[in-house]
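Hi everyone, thanks for coming. Please have a look at the sequence and the structure on the screen while I talk.

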Amino acid sequence: MLLHSTPLPCLFLLWACCLREAASVISLEAHKNKVNGYNNNALVPKASLTQKGYIQFLKYVAEVPEIAEYTFCIWVKSYNFTFSHPLLSYSRHEQDRLIRVWISPQGSHLNLELLQVPVFSIPLHAQEHQWYHICQSWSAPQAAWSVFVNGKLKASGHHPELHDVRIPPQGDLVIGQEYTDFDKGLDDGIEGEISGFNLVLESTFPKVSDHTFASNSLIGKRSILWKDYLDPMLHQMPLGLVLVELGRDCGYLRGAPLKGKGVLISWTKTEVRVFGGAILKTVSRFC
């Protein structure tokens, strides 16, 4: 596992440079005010989990394809960091662990395993009773990962062992619990609240063949919610990076800022099954 404590590879330098440039020209608030029907005071769906008595989690009903890239974002607030908090569990047959992302006990670290291979464990120092917007991205073609916390790049790196390795399709996508641990006790699991979980099938990195963010190949490639009213620079950014940028406003379009091609899971649009007594409700925007 490589953390970027040394000079970044050229590709990532390009990405970071362009991101700074994009940040200078994008006025997200101005764009949101153009959205027909956008209401800054709209109620936002959230789920509350206690893990008391029964395992509590959310399981999405989605046809998951083979995955080469992904980015997910989630808002999470813990009431008790005694045990691990699984943010994302993607598995098959309740046995094969394909993607695992979790917060360590005491909120100390954020961790990723792909195909049961440890990819990273980075300091997080999350506190109880505080909302965090956490985004994690992976690109198999580049064997690259990134983590954003509250809209800022927290860490990034490479894992050459997994270069171009695809994640198998047709698995179970769960948040709140590790879906392969049901026979190992009930200790782990999110004890708190979650909102705004979205997952797209692109990373935060530019494509290997892209030399700049201004590649016309990205424009018009997908029909998603922001294509008619957001700054053209957003069209030229990787979809994962767009999710990070838009998702950091927990109330923006009720926590589901994207739809269409490349969006696998939408917080408000994808069918989800709720297990163990977890409670879904709507609240005022909390960020």
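Predicted model: local features only at pLDDT ≥ 70, side-chain atom pairs only at ≥ 80, totals over all residues.

Residues are numbered from 1 along each chain as its sequence is written, and side-chain values use heavy atoms, with hydrogens and water left out.

The protein chain averages a pLDDT of 82 (that is the predictor's confidence in each residue, from 0 to 100). Over residues 1-27, pLDDT stays under 50, and over residues 210-230 pLDDT also stays under 50.

Now, how many disulfides does the structure hold? There are two, a disulfide being a pair of cysteine sulfur atoms within 2.5 Å. One joins Cys73 to Cys135, with 2.0 Å from S to S. Cys73 lies in strand 4 and Cys135 in strand 9, 62 residues apart. (Helices, H or I of at least four residues, and strands, E of at least two, are DSSP runs numbered from the N terminus.)

The other disulfide is formed by Cys250 and Cys287, their sulfur atoms 2.2 Å apart. Here the link is left-handed, with -100 degrees about the S-S bond. Cys250 is buried at 2% relative accessibility, whereas Cys287 is partly exposed at 42%. Buried means under 20% relative accessible area, exposed over 50%, partly exposed in between, with a 1.4 Å probe and protein chains only.

Finally, helix 4, residues 239-247: nine of its nine residues are buried, so helix 4 is largely enclosed by the rest of the structure. Among them are Leu239, Val242 and Glu245.

Notes:
Contact = heavy atoms within 4.5 Å.
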